[in-house]
Every structure is written in C-alpha cells, then in structure tokens.
Amino acid sequence: MKVSVDRSLCYGSAECAHRAPEVFAFEDGYGVVRPGRAETTEDPQVREAAEKCPSQAIGLTE
Ligand code: SF4
C-alpha cells in the first residue's frame with residue numbers, strides 16, 4: 001500500500017500525525033508522510049487516518 005498526502009487539500013488538522021505517528025508527521029502546518037514511509041504494509045492505523053482525514057487529503061493506493 002502506498003500512502004500520500006495532497007498538500008493542496010490538507011488544512012492542517014494534524015489528526016493523521018496523532019493517529020499514525022510512525023507514518024505521518026506534522027510539519028509547517030501540514031500533514032506529511034515521513035521519509036521512507038510512503039510504502040507501508042497494510043496498516044489499520046494508516047487506513048483509519050485516511051478515512052478520518054477531514055479534508056480527504058490522504059491517498060492510498062494498493
Ligand atoms: S488529517 Fe488530513 S487535513 Fe489533517 S493534517 Fe492530516 S492530511 Fe492534513
């Protein structure tokens with residue numbers, strides 16, 4: 001599974017960084033995928049972060 005954040009959609013709620021801190025960080029007011037973590041294994045926390053992102057800025061591709 002590959003994860004990404006579309007910065008143009010993110011409005012900086014920081015929820016992703018709280019839900020899955022090993023994969024997401026909060027930098028300069030935006031959620032970001034930590035370096036080297038874009039290719040994640042099937043991780044329920046990442047999926048939950050994507051589903052609960054209030055701006056639907058987190059993309060998952062299988
Ligand atoms: S949860 Fe969504 S809106 Fe909030 S910081 Fe993360 S990507 Fe941005």
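Reader: Which residue in strand 3 stands opposite Phe26?

Author: In this predicted model, Phe26 has Gly31 of strand 3 as its opposite residue. To read such a position, one looks at the pairing to which it belongs. Strand 2, residues 24–27, and strand 3 run antiparallel and are joined by four bridges.

Reader: How many residues lie between strand 2 and strand 3 in the hairpin?

Author: Two residues separate the strands of this hairpin, and Asp28 is in the turn.

Reader: Is Asp28 buried or exposed?

Author: The reading rests on relative accessibility, with exposed meaning over 50%. Asp28 is classed as exposed because its value is 72%.

Reader: Where does Ala14 lie, between which strand and which helix?

Author: Ala14 is found in the loop that runs between strand 1 (2–5) and helix 1 (15–19). Its phi is also positive, near 70°, in a residue other than glycine.

Reader: Why does Ala14 count as buried?

Author: The cut-off for buried is under 20% relative accessible area. Ala14 has 15% relative accessibility and therefore counts as buried.

Reader: Which residues are closest to the ligand?

Author: Ala14 is one of them, together with Cys10, Ser13, Cys16 and Cys53. In total, 14 residues surround the ligand. By class, this shell comprises nine nonpolar residues, four polar and one charged. The ligand takes up the space of the largest cavity.

Reader: Where is Thr40, and which residues does it touch?

Author: Thr40 is placed in the loop between strand 3 (30–33) and helix 2 (44–52). With residues up to four places away in sequence set aside, Thr40 touches Met1, Val3 and Val23. Thr40 is buried, since its relative accessible area is 7%.

Reader: Which residues are in contact with Lys52, and what is its accessibility class?

Author: Apart from neighbours within four places in sequence, Lys52 is in contact with Glu15 and Arg19. Lys52 counts as partly exposed because its relative accessibility is 42%.

Note on methods
Residues numbered from 1 in each chain as written. Predicted model: local features only at pLDDT ≥ 70, side-chain atom pairs only at ≥ 80, totals over all residues. Heavy atoms only, no water. Near = heavy atom within 4 Å. 1 Å grid on protein atoms, 1.4 Å probe; cavity = no way out; pocket = protein on both sides within 12 Å on 5 of 7 lines; lining within 4 Å. Sits in = over half its atoms within 2 Å of the grid points. Nonpolar A, V, L, I, M, F, W, Y, C, P; charged D, E, K, R; others polar. Buried < 20%, exposed > 50% of the residue type's maximum accessible area, 1.4 Å probe, protein only. Contact = heavy atoms within 4.5 Å. Pairing = 2+ DSSP bridges.
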